[in-house]
Amino acid sequence: MMWRFVRLGRRAAARQCSHKPAEPPGQPAAGQPAAGQPAAGQPAAGQPAGSQPRSARPQTEKLRRRRQRDDAILSKEAGSAADVRWSEKQRMTYTAQTAPGSKKDTSSAFPSSYSPDYVESRWYQWWEEQGFFSPERHEHVPHAVDQTFSLCVPPPNVTGSLHLGHALTVAVEDALVRWRRMQGYKVLWLPGCDHAGIATQTVVERKLLKERGTHRKDLTREDFVQEVWKWKNQKGEEIYTQLKTLGASLDWSRACFTMDPGYSRAVSEAFVRLYDAGLIYRSERLVNWSCALESAISDIEVDSKELSGQTMMSLPGYENKLEFGTMVSFAYPVEGHDMEVVVSTTRPETMMGDVAVAVHPNDPRYQELQGKQVRHPFTECLLPVITDPAVDMLLGTGAVKVTPAHDHTDFLLSLRHTLPRLTVIAEDGTMTPSCGRWLKGVKRFDARRLVVDALCEKKLFRGKQSHAMTLPMCSRSGDVIEPLLKKQWFVRCEEMAQKAIEAVEDGRLEIIPHYHTKTWKNFLSNISDWCISRQLWWGHQIPAYRLELPTSTNEHQELWICGRSEDEARSRAAVKYRVDPESIILNQDPDVLDTWFSSGLFPFASLGWPDQTADFKDFYPNSMLETGSDLIFFWVSRMVMLGEELTGCLPFRQRLVEKVQQGNLSPSEQLLALKAQRMDFPQGTPQCGTDALRLALCSHKLQGEDISLSVSQVLSYRHFCNKMWQTLRFTVSALEKNGGPVGTLEETSPQSSMDRWMCSQLYSTVVQCEQAFKRYELHTVTSSILSLWVHSFCDVYLEYIKPVLSDSECDGVTRRKEVCSLLYHCSSVSLTLLAPFMPFITEELWQRLQPFGPTAHEQGSLCLQPYPHSSQMTHWFHPEEEHNFLFVKEVIRVARSLRAQCGLTKEKPVMWASCSSSQAEVLLHFDSAVQTLGRISHLLIYSPDTTSPTHCTAPPIGSLVGVVDHTCQLHLQLQSGTNVEKQILQLVQRRDKLVPKVEEILNTVNSPHFLTKVPPHVRQRTDTKVSALQQELKSIEQQLKQLKKTEQKK
């Protein structure tokens, strides 16, 4: 079974199609919030997350910019990109003597930096040995709840290795599974592997040919199947090993292979039940035939290749390229008349199977030919000229050749006109003996050239022209599909499809995002019967038997019976035809079932169906299914139809759809991706680790957007892993130096303003994660957690508490213990929030943190700890502190900017704040934070509208001014030695930048529709912004005036 493809394209390096480098989490990326701010499109702290804004840029503009980016990438020289900085880091390995499956020793010294090799070692083996991923572990979990959560991993092909598409599925599903397990649910995530009939048989055939020079047909069927099993036992575990490397918390004790005996029994049971219900039947119909595979394939395994005209293509089995996309015209002589009918076709080789010529009944050109006959130039057969309204008068000459055995439209036409059906192309793609000795055994596309040459010799060729067309291609082999008339087994889909449509319409099945319901309905409303016969040796042999009865007189008559075994089939046949069972000769159909038939049973067959096993009762139906949009037709619809028909209920309640880029990259995109990647990483792609890859994949909006994974983005999350590592090193060091009991989270209450702000930020993040997880918006969860870690915890709170922890005064002991307690809980909760996405590093760091916690003797594993819940943290919610710190953060930003303008590095100057009384209260409340984070010695507050004794006089004249908003400015007295010319230049540049910005906003404000169409809160925000910019311009003019006076005095 195929999985999705994740688009790794353009600067796929190409930094998600952007010239800008992927910025590490330590710095706010473009469009991301600065410290303390909610992410774009997210609510203020503690409020529900909002929807993400959508781009309104026209498609043509997007395409134009994409072309510009592509040209820019291709125009650069390899190695010229200097915006991706990476040097290979020292790799550390875990060397402690730990028995296999035993818990990793985390009591050793904290390594100086993060190393994926070190961190990812040993944890998975311990998790697996302890049975943490088994649902039986549920009864030992203290916070267990009486709810289940189950899903099956889309079983990958046994032939393959994991690619990014698999990694995406694993990252998403494992995040959901780990989240539910940590919530106390009884969880089963079932692993499996698909036998992949066509793919596996092809791989083994190539292996035998390469190693032994042996073809499949040189062996008996039994011997070949044994060779496949040998290959599977040698190579088939590779994917399971890779899944474990990715940290997938699957219950391996229940791993299921679709050719296992129990599963095979379920497949036979399903076939027999559907046959008995009249939903499986045998019929002679045109099927999509792959000559390269010598097997039928289903409609949805046929790719449509659009040709704009004459095209040369390479096909399997042909040394030279072949011509397609042309329309050939040739003449049929009218019998008994000095006339001819010119027909047009893109497949002249099939004329050997023509049985009629068809024209439209209203076509004036052919009125006199209706009812006449034409003579076939090679077989000398007479072919009738028939009329049918389905003929397109505008296509070609308006007269078409009719080849019912090799064209779907012609087949339907033959049914209406009772025409014979003559097969002229064999299963291997060669011409049949009925074509004559000159074509017998010739490959079909070689025969095309011979037929055209022969028509020229007979002076019946009337020309060839380029013709746009759609070419049906086998997605498995790359060969051109040949419609062949075959007797096959089919599943009636119409009734089951209607039930699947109703399941979505009445809400029993939810598809997320909901706009996929339209695709679902459109596909199922137009579904055709499903051909499930495959002419292979590897797979589930169809449990149908052809009968030879003692009373049979017509050797061409086919009698079939189905049975779960040969004995059952014999008994059923004896009852049906009232004959002695011993007199019946049974021959099982040599064909196997379509792989998608067996995989469509996976949600329930993997749980023991048709037996009513404990697993089937507990975990069926599954809670949800997560797949890419590419599997709606291949797999999902069939699971729903078969599940409801065979078990009486839907196989899952929800279906989460990821929109992914179909197929591989085009050659031009591959060129861009390879060139850009060589430019970014000339020494090769860096080692980033499993956690960084998983986080990068889950950070994309999966519902409705193509995923363009950037190597640079994964690298940035590797940097984030190191930031986490250093944060916990700092935390553990602080806890070691300031020992003392750490109370429980419920007992810990923040005291200072910054403590309350940090705790409230953590509470608000937990709320956002709860809401986003319920909507399966993993990108929102990861964005919220990353913003907390980087912009609140690391960049703000840790920097604030460093002086507190280094204070050696006796009266600071109590304060240090308070800070350490908060530091412990903030680290622990933050790690727990990230655990579903980054299982290895969070386990490693959490284990190192636990010896300092209130329950150090009850460590266990992080993967079974309760996931943070807002109801346990309400005492940490301080919305006023969060709101006020947004202003404080701007003051700190401006203070740092003023220091930088003056070239101050180590000095901590005094600053003045001219502000309103309410702002003054906030600044006094956060005074220590402003001083520490703004790197100033003291902040003097001047508030003209109050006479409070805590406020100072007006700031010195001639000070450097920084505007916080329209009512607050910071003042820094110019230091001696300040470069006045440089200050003037900086202010002029700032003014020149602000003037057009203000003019642009004012033009918007003064537009006639601003007051009527713009919401009030947007107008208010705009007015505030304009006031702040105008105040800053006014301040710049005043400063320039003062600086020029200073310069003149010199």
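# Reading local and packing features

Guide: Y776 lies in the loop between α22 (753-774) and α23 (778-805). Helices (H or I, at least four residues) and strands (E, at least two) are DSSP runs, numbered from the N terminus. The model is predicted, so local features need pLDDT of at least 70 and side-chain atom pairs count only at pLDDT 80 or more, while totals for chains, interfaces and linings use all residues. Residues are numbered from 1 along each chain as its sequence is written, and side-chain values use heavy atoms, leaving out hydrogens and water.

Visitor: What is the phi of Y776, and is the residue buried or exposed?

Guide: Most residues other than glycine have a negative phi, and most peptide bonds are trans. Y776 is not a glycine, yet has a positive phi of about 60 degrees. Y776 counts as buried, at 8% relative accessibility; buried means under 20% relative accessible area, exposed over 50%, and partly exposed in between (1.4 Å probe, protein chains only). R935, also not a glycine, has a positive phi of about 55 degrees. R935 lies in the loop between α28 (927-934) and β29 (938-942) and counts as partly exposed, at 36% relative accessibility.

Visitor: At what angle do helices α5 and α20 pack?

Guide: Two packed helices are described by the angle between their axes and the distance between the axes. Helix α5 (residues 164-182) packs against helix α20 (residues 690-698) at about 85 degrees, with axes 9 Å apart. Axes are lines fitted to C-alpha atoms, for helices over the stretch in contact, and angles run from 0 to 180 degrees between N-to-C directions. That makes α5 roughly perpendicular to α20 (under 35 degrees is roughly parallel, over 145 roughly antiparallel, 65 to 115 roughly perpendicular, the rest oblique). In contact (heavy atoms within 4.5 Å) are, among others, L164 and A167 of α5 and L693 and R694 of α20.

Visitor: In what order do the strands of the open sheet containing β13 run?

Guide: The order is β13-β14-β12-β15, with mixed pairing; two strands pair if DSSP finds at least two bridges between them. The edges are β13 (373-375) and β15 (399-402), each pairing on one side only. The twist from one strand to the next averages 30 degrees. Strand β14 (residues 382-387) runs antiparallel to β13, joined by three bridges, and Q373 has P384 of β14 as its bridge partner.

Visitor: How many disulfides does the structure hold?

Guide: A disulfide is a covalent bond between the sulfur atoms of two cysteines. Here there are zero disulfides, a disulfide being a pair of cysteine sulfur atoms within 2.5 Å. The sulfur of C152 is 9.6 Å from the closest cysteine sulfur, in C256, which is too far for a bond. C152 is buried, with a relative accessible area of 3%.

Visitor: What does E482 touch?

Guide: E482 lies in strand β18 (residues 482-491) and is buried, with a relative accessible area of 1%. Leaving out residues up to four places away in sequence, E482 touches residues including W289, R347, H406 and R444.
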